[in-house]
Amino acid sequence: MSCGEISNLMMKYFDGDINDLELQRLFKHNESCKDCELAFEALKDAIFAVEELPEVEIPDGFEAKVMTQIKTQTHYTIHPKVLLFWIMGAAGLMVFALNLIFFVGIPFIKESGLFTALSAMMSHGFEYAAEVLNRAIIEFSIGISYMVRFRDRLLQNYTVLIATAASGLVLIQMLISRLREFEENQNP
Amino acid sequence: MDASDMDIIKACLNGDTDCFAVLIERYKKLIFSTAYRMLGSREEAEDTAQEAFIRIYNALSKYNPEYKFSTWALKITTNLCLDVLRKKKGETVPIEEEYGLKDDKDTPEDAYIRKEKQKAVQEAISRLPDKYKQLLILFHNQNLSYQEIMSITGESLTIVKNRLYRARQMLKNYLTDEGKEGEAACHAVK
């Protein structure tokens, strides 16, 4: 049995799950192997020393201190370090985003000619829009002038009509009065 | 006083803060001694244990009754201890005088030898890497099972076993070196 396997057995021993057979093998090996025996004894001493460390006395008033702290603590406290972490993170992200826009986004758009294409499209768009607007204004004014002319025509005809009607009426009136005078003259 | 942990936790969650004192009473020894063994200083252990209980209280609503309360409480405590150890990395803290409880029946000389030995052990523990320290204390000082340690550390059985193996070897080396250095010092004086 090699010393490596014995080392495993030692660990099993200190884990507390070594069986009788393994224990016997461990002891048997250690009888003939000085190194392993020394290592085992030293380990046992060290681990027992840890296990045997005395219980510690709890400081006086421990509970009371904790309870007062619990009752007086402010809720929803943010640890300053956590806050700093988030602020730094956000700032870093913003710097990163700005750099991305300035040094990658804009050059990329320029390179690809997208920018000029876009501006050309925009100026063309403006021209088209201006033309449409212009046309609309012209059409509107023409429409207005037509309407005004139509109104004028209407009004003109109306006055002529009224005038003829009025003059006709006057003529009829005059005719009637002349006829009456003529009748009176014939039979006095 | 015989209410189960779960009953007390429910009462705490329903707003009866004073009930938590019962839980502190029940677990203060476990929490405090673990913190003390990991940190090696009473003052720090007290601060950390207090902080641990406050964190436990604030996290009560997240407690999963599948696990033992002690396991969960130890998880919070040892994580806190690891934080504390990480922060003061590099600082060497002098190991204090041991506070033993079983001194009464020893002769003064025996008591002195034992205290020195305990001091050496605590010093050797404090020299271990933090995560090894945690395992060694939980397994050999608090007598937890592998299963419990796995749920505290969140590591696999293989990792826990490997770390514990190395922790034991390192502890042994520190303690035997310490002994040799001590002897060497004695010879030098002579």
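A: Helices here are DSSP runs of H or I with at least four residues, strands are runs of E with at least two, and both are numbered from the N terminus. The model is predicted, so local features need pLDDT of at least 70 and side-chain atom pairs count only at pLDDT 80 or more, while totals for chains, interfaces and linings use all residues. Residues are numbered from 1 along each chain as its sequence is written, chains are lettered from A and ligands numbered from 1 in the order in which they are written, and side-chain values use heavy atoms, with hydrogens and water left out.

Q: Okay, how many helices and strands are there in chain A?
A: Chain A has 6 helices and 0 strands, and its pattern along the sequence reads α-α-α-α-α-α.

Q: And what share of chain A is buried?
A: Of the 188 residues in chain A, 16% are buried, where buried means under 20% relative accessible area, exposed means over 50%, and partly exposed lies in between (1.4 Å probe, protein chains only). Chain A exposes about 15400 Å², with carbon and sulfur atoms supplying 67% of that area; such areas come from the Shrake-Rupley method with a 1.4 Å probe, and for residues only the protein chains shown count as cover.

Q: Which residues form the nonpolar patch on the surface of chain A?
A: The patch consists of A:Phe96, A:Leu98, A:Leu100, A:Ile101, A:Phe102, A:Phe103, A:Val104 and A:Ile106, which together have about 820 Å² of accessible area. Patch members need over 30% relative accessible area and no salt bridge, with nonpolar side chains (Val, Leu, Ile, Met, Phe, Trp, Tyr) joined within 5 Å and like charges within 9 Å. One of the members, A:Phe102, sits in helix α5 (residues 80-111) of chain A.

Q: Why does A:Phe102 count as partly exposed?
A: Because its relative accessibility is 48%, A:Phe102 falls in the partly exposed class.

Q: Take B:Lys28, then: which residue does it form a salt bridge with?
A: Its partner is B:Glu25, and the closest N and O atoms are 3.9 Å apart. Both residues lie in helix α2 (residues 20-39) of chain B, 3 residues apart, which is about one turn of the helix. B:Lys28 counts as buried because its relative accessibility is 17%, whereas B:Glu25, at 40%, is partly exposed.

Q: What about B:Glu44, and where does its partner sit?
A: B:Glu44 meets B:Lys88 in a salt bridge at 2.9 Å, N to O. This pair links distant parts of the chain, 44 residues apart, with B:Glu44 in helix α3 (residues 42-58) of chain B and B:Lys88 in the loop between α4 (69-87) and α5 (108-127) of chain B. B:Lys88 is buried, with a relative accessible area of 10%, while B:Glu44 is partly exposed at 24%.

Q: Last one: which side chain does the side chain of B:Gln142 make a polar contact with?
A: The side chain of B:Thr34, at 3.2 Å; a polar contact is a pair of N or O atoms within 3.5 Å, where within protein one must be able to donate a hydrogen and the other to accept it, and residues adjacent in sequence count only if both atoms are side-chain atoms. B:Gln142 lies in the loop between α6 (130-141) and α7 (146-153) of chain B, and B:Gln142 is buried at 16% relative accessibility.

Terms used. Salt bridge = Lys/Arg side-chain N within 4 Å of Asp/Glu carboxyl O.
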